[in-house]
Each structure stands twice: as C-alpha cells, then as structure tokens.
Amino acid sequence: MLPIRLQIILIVFSSISMLFSLKMIRKFQLDLKYALLWLVLNLAILLLAAYPPLLLKLAKELAIEIPVNALFLFGIVISMSIIFSLTVALSRTSYKIKKISQELGILKEEVQRLEKRGTDL
C-alpha cells in the first residue's frame with residue numbers, strides 16, 4: 001500500500017504539472033503532440049496515486065513485491081518513452097534544418113550568379 005503522505009505528494013505534484021501543461025498549451029508555448037505525452041503521464045500518476053488498489057494489482061501482476069517500486073518502474077518506462085519520442089522529433093528537426101540550410105546556400109549562390117550576370121550586361 002502507498003503511504004498516505006506519498007499519495008498526497010503524487011496527487012498534488014501531478015495536478016500542478018497537469019495544470020501547468022494545460023496553461024502552456026493554451027498560450028501556444030507547448031505543442032499539443034508533445035503535451036499529450038505529459039498529460040497522459042500525469043493522468044496515469046494521478047489515477048495510480050488516487051486509487052492505490054490499482055497499483056497493488058499492477059505490482060502483483062508484474063511480480064513486484066512493493067507497489068511503490070511498481071510506481072517508480074512505471075514512471076521510468078513512461079519517461080524513457082517520452083525521451084525517445086523527443087529524440088525522434090529532434091532528429092527529424094535537425095534533418096529538416098540541414099536540408100533548408102543547404103537549399104538556402106544553393107539559392108544564395110544562384111542569386112549572386114544572377115546579380116553578377118545582370119551587372120555584366
């Protein structure tokens with residue numbers, strides 16, 4: 001069973017984090033596709049903290065002796081998933097930036113060539 005103090009801390013932290021994420025979404029400071037990951041994580045923590053028998057059942061199914069360890073395992077797995085998805089997004093963005101930079105270089109060279117040709121006439 002989760003200690004009541006830990007339950008309260010998890011519920012408060014998760015609620016504040018969820019409200020903060022929603023506030024950032026409303027102000028367009030956080031993209032919705034990334035915010036959904038955090039909202040799901042916060043909702044899961046809130047659910048597990050508010051309803052400890054669910055965590056107890058989850059720990060039992062995973063053969064984990066202490067439910068708190070199941071909670072930490074769950075948090076680590078979700079955090080790793082978030083880190084992986086953000087790494088994929090970063091890689092895609094890096095590729096796009098590289099491609100745009102190369103195209104910009106080609107366009108600048110072409111503009112300079114056309115300007116030079118225009119002054120030669």
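Q: How many helices and strands are there in the protein?
A: The protein has 4 helices and 0 strands. Keep in mind that this is a predicted model.

Q: And what pattern does the protein follow along the sequence?
A: Going along the sequence, it reads α-α-α-α.

Q: OK, overall shape. What radius of gyration does the protein have, and what would a compact globule of 121 residues have?
A: The protein comes out at 24 Å. A compact globule of 121 residues would be near 14 Å.

Q: What does the C-alpha trace span along its principal axes?
A: About 85 × 30 × 15 Å.

Q: Which residues make up helix H4, and what span should they have?
A: H4 covers residues 67–120, which is 54 residues. At 1.5 Å a residue that should span 80 Å, and the end C-alpha atoms are 79 Å apart, so the two agree.

Q: Which residues of H4 are buried?
A: Pro 67, Val 68, Ala 70, Leu 71, Ile 82 and Ala 89.

Q: What do those buried residues pack against?
A: Three helices: H1 (4–26), H2 (32–50) and H3 (52–61).

Q: Further along H4, is Glu 110 buried or partly exposed?
A: Glu 110, which is in helix H4, has a relative accessible area of 37%, so it counts as partly exposed.

Q: How far is Glu 110 from Ser 91?
A: Their C-alpha atoms are separated by 29 Å, with the two residues 19 apart along the chain.

Q: Switching to H1. How many residues does H1 have, and how far does it reach?
A: H1 has 23 residues and reaches 33 Å from its first C-alpha to its last. That is close to the expected 33 Å at 1.5 Å a residue.

Q: Which H1 residues are buried?
A: Gln 7, Leu 10, Ser 14, Met 18, Ser 21 and Ile 25. The buried residues of H1 pack against H2, H3 and H4.

Q: Why does Ser 21 count as buried?
A: Because its relative accessibility is 7%, and buried means under 20%.

Q: What is Ser 21 in contact with?
A: If you leave aside neighbours within four places in sequence, Ser 21 contacts Leu 30, Trp 38, Leu 39 and Asn 42.

Q: Where is Asn 42, then?
A: Asn 42 sits in helix H2. Asn 42 is buried too, with a relative accessible area of 3%.

Q: What does Asn 42 touch?
A: Not counting residues up to four places away in sequence, Asn 42 touches Ser 14, Ser 17, Met 18 and Ser 21. Ser 14, Met 18 and Ser 21 are among the buried residues of H1.

Q: Now the loops. What does phi look like at Phe 28?
A: Phi of Phe 28 is near 60 degrees, a positive value in a residue other than glycine.

Q: Is Phe 28 buried or exposed?
A: Phe 28 has 77% relative accessibility, so it counts as exposed.

Q: What about phi of Ala 63?
A: Ala 63 has a positive phi near 60 degrees as well, and it is a residue other than glycine. Ala 63 lies in the loop between H3 and H4. At 70% relative accessibility, Ala 63 counts as exposed.

Q: H3 next. What is Leu 54 in contact with?
A: Leu 54 is in helix H3, and it contacts Leu 47 and Leu 48, leaving aside neighbours within four places in sequence. Leu 54 is partly exposed, with a relative accessible area of 32%.

Q: And how far is Leu 54 from Ser 91?
A: The C-alpha atoms of Leu 54 and Ser 91 are separated by 37 Å, and the residues are 37 apart along the chain.

Q: Back to the whole protein. How many of the 121 residues count as buried, as a percentage?
A: 21%.

Q: What does the accessible surface come to?
A: About 9700 Å², and 70% of that belongs to carbon and sulfur atoms.

Q: How many positive and negative side chains are there?
A: There are 15 positive and 8 negative ones, and the centres of the two sets lie 10 Å apart.

Q: Last one: among contacts between residues at least 6 apart in sequence, what share joins residues at least 24 apart?
A: 60% of those contacts in the protein do.

Conventions
Residues numbered from 1 in each chain as written. Heavy atoms only, no water. Helix = DSSP H or I, 4+ residues; strand = E, 2+ residues; numbered from the N terminus. Rg over C-alpha atoms; globule rule 2.2 N^0.38 Å. Buried < 20%, exposed > 50% of the residue type's maximum accessible area, 1.4 Å probe, protein only. Contact = heavy atoms within 4.5 Å. Areas by Shrake-Rupley, 256 points an atom, 1.4 Å probe, with all protein chains shown as cover. Lys, Arg positive; Asp, Glu negative; His and termini not counted. Charge placed at Lys NZ, Arg CZ, Asp CG, Glu CD. Expected span 1.5 Å × (residues − 1).
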